[in-house]
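Hello,

Here is the structure I promised to pass on to you. Have a look first, and my notes follow below.

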Amino acid sequence: MIFPDLRDNVNESLNKNPGTNLPQLKTVSLTLEAKSPQEILTWAIENYSPSLTMATAFGAEGCVLIDMLSKLDPSGKSVRLFNLETGYQFPETLALRERIQDKYNLTVEFISSKETVPEMEARLGGPIYNSNPTECCRLRKLVPLTDAVVGYKAWISAIRRDQTASRATADIVEWDNKFGLVKVNPLANWTKRLVWEYIFANDVPYNPLHDQGFPSIGCFPCTRAAGQEGDDRSGRWAGTQKTECGLHTK
Ligand code: SF4
């Protein structure tokens, strides 16, 4: 076990109910700031597994974390991995899921809305990703994730602080009031360069759309190639003010 002193401190201070003790959670997070993502993941596993889950859209950062987790626990049983299958994902993303599962011998569960895309579009008179993307994201992503984390104590996300203004305040460990469990962000203080250095050094599978100018990859109706222009979220909901689907906004 790593950081036995920290674990004792966590368990004592959080009293197994982290949502009620935010100052102590902040203290733990500050301590973890100086640790590597692998150490943070180890801390999360030791404190929350098997009640620990991770959502991934197979972005570069998510693929890095899956590689790290597979090395920390080759059995793949410490963390339940899932992908929000909106019904609007790129074929390249779905193919990457297969490559990841084959390479690491693990399962990334599909979590979907109870209503299929054809059912939703029939009910609403057509797709709403252009007319009301916030509602579309709520139906295809937020509601399914809310259901998916019920019963879990913590979830892992792959966000980095320097991706967007709304992610800039993310702690390494924080209470996620929206979904009602602890959120662990092992890559919060990593940079894009560190992510890609890790990918190339460890031969991590990644989405080939990145090589075609897509900095960030979400659903195909709302994602465009951005080339070398803009920030890490360029191309997402292009032409609108929207930069987040809502999973990571507080
Ligand atoms: S990213 Fe676009 S298609 Fe996907 S859920 Fe959000 S609005 Fe709908």
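Which residue does Asp147 meet in a salt bridge? The partner is Lys114, at 3.4 Å from N to O; a salt bridge here is a side-chain nitrogen of Lys or Arg within 4 Å of a carboxyl oxygen of Asp or Glu. Asp147 lies in helix α7 and Lys114 in the loop between β3 and α6, so the pair ties together parts that are 33 residues apart in sequence. Helices (H or I, at least four residues) and strands (E, at least two) are DSSP runs, numbered from the N terminus. Asp147 is partly exposed at 41% relative accessible area, while Lys114 is exposed at 76% (buried is under 20%, exposed over 50%, partly exposed in between, with a 1.4 Å probe and protein chains only).

Before you read on, please note that this is a predicted model, where local features need pLDDT of at least 70 and side-chain atom pairs count only at pLDDT 80 or more, whereas totals for chains, interfaces and linings use all residues. Residues are numbered from 1 along each chain as its sequence is written, and side-chain values use heavy atoms, with hydrogens and water left out.

The whole structure holds 11 salt bridges. Another of them joins Arg80 and Glu109 (3.1 Å, N to O). Arg80 sits in strand β2 and Glu109 in strand β3, so this pair links parts 29 residues apart in sequence. Glu197 and Arg193 also form a salt bridge, with their closest N and O atoms 3.2 Å apart. Both belong to helix α8, where being 4 residues apart separates them by about one helical turn.

Best wishes
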